[in-house]
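Please examine the sequence and the model displayed below before reading further. The paragraphs that follow are meant to be read beside them.

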Amino acid sequence: MALWRVTTKRKKLCNGIMIEPNMTVEVVTTGTNPVTSNRGQAVADAFMRIYGIDAVKANILNLSDLDVVKVK
């Protein structure tokens, strides 16, 4: 299992959802990048759980909007 820290890079307003820079969630996966695997569902779930933000609707589940770092 791998722990990933996913952080937003910039301010963005999309579909009425405001994303601020440096919003961070942590996700545990089996070892692959959580943004590119399983269409980013683990990351979307974490943003919904922590910030109440629908990351799919906000269109941020991509590597140009998110910084992904493997912690462990």
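The account below begins with the sheet, continues with the helix and ends with the loops.

The model is predicted, so local features are described at pLDDT of at least 70 and side-chain atom pairs only at pLDDT 80 or more, whereas totals for chains, interfaces and linings use all residues. Residues are numbered from 1 along each chain as its sequence is written, and side-chain values use heavy atoms, with hydrogens and water left out.

Three strands form an open sheet in the order 4-1-5, with antiparallel pairing. Strand 4 and strand 5 (66–70) are the edge strands, each pairing on one side only. On average, neighbouring strands of this sheet are turned by 25 degrees against each other, direction ignored. Strands here are DSSP runs of E with at least two residues, and helices are runs of H or I with at least four, both numbered from the N terminus; two strands count as paired if DSSP finds at least two bridges between them. Strands of a sheet pair through backbone hydrogen bonds, either parallel or antiparallel.

Strand 1 (residues 2–8) is joined to strand 4 by six bridges in the antiparallel sense. Within this pairing, arginine 5 stands opposite glutamate 26, and valine 6 has valine 25 as its bridge partner. Buried means under 20% relative accessible area, exposed over 50%, and partly exposed in between (1.4 Å probe, protein chains only).

Helix 1 lies across strand 1, strand 4 and strand 5, and runs at about 135 degrees to strand 4. Such angles run from 0 to 180 degrees between N-to-C directions, the axes being lines fitted to C-alpha atoms, for helices over the stretch in contact. Val43, Ala44, Ala46 and Phe47 are buried in helix 1. These residues lie on the same side of helix 1 because they cover an arc of only 160 degrees around the axis, the arc being that of the directions from the helix axis to the C-beta atoms. Among the elements covering them are strand 1, strand 4 and strand 5, where contact means heavy atoms within 4.5 Å.

The loops remain. Most residues other than glycine have a negative phi. Asparagine 22, however, has a positive phi of about 70 degrees; its place is in the loop between strand 3 (17–19) and strand 4, and at 59% relative accessibility asparagine 22 counts as exposed. Asparagine 38 also has a positive phi, of about 55 degrees. Asparagine 38 is found in the loop between strand 4 and helix 1 (41–51) and is exposed, with a relative accessible area of 62%.
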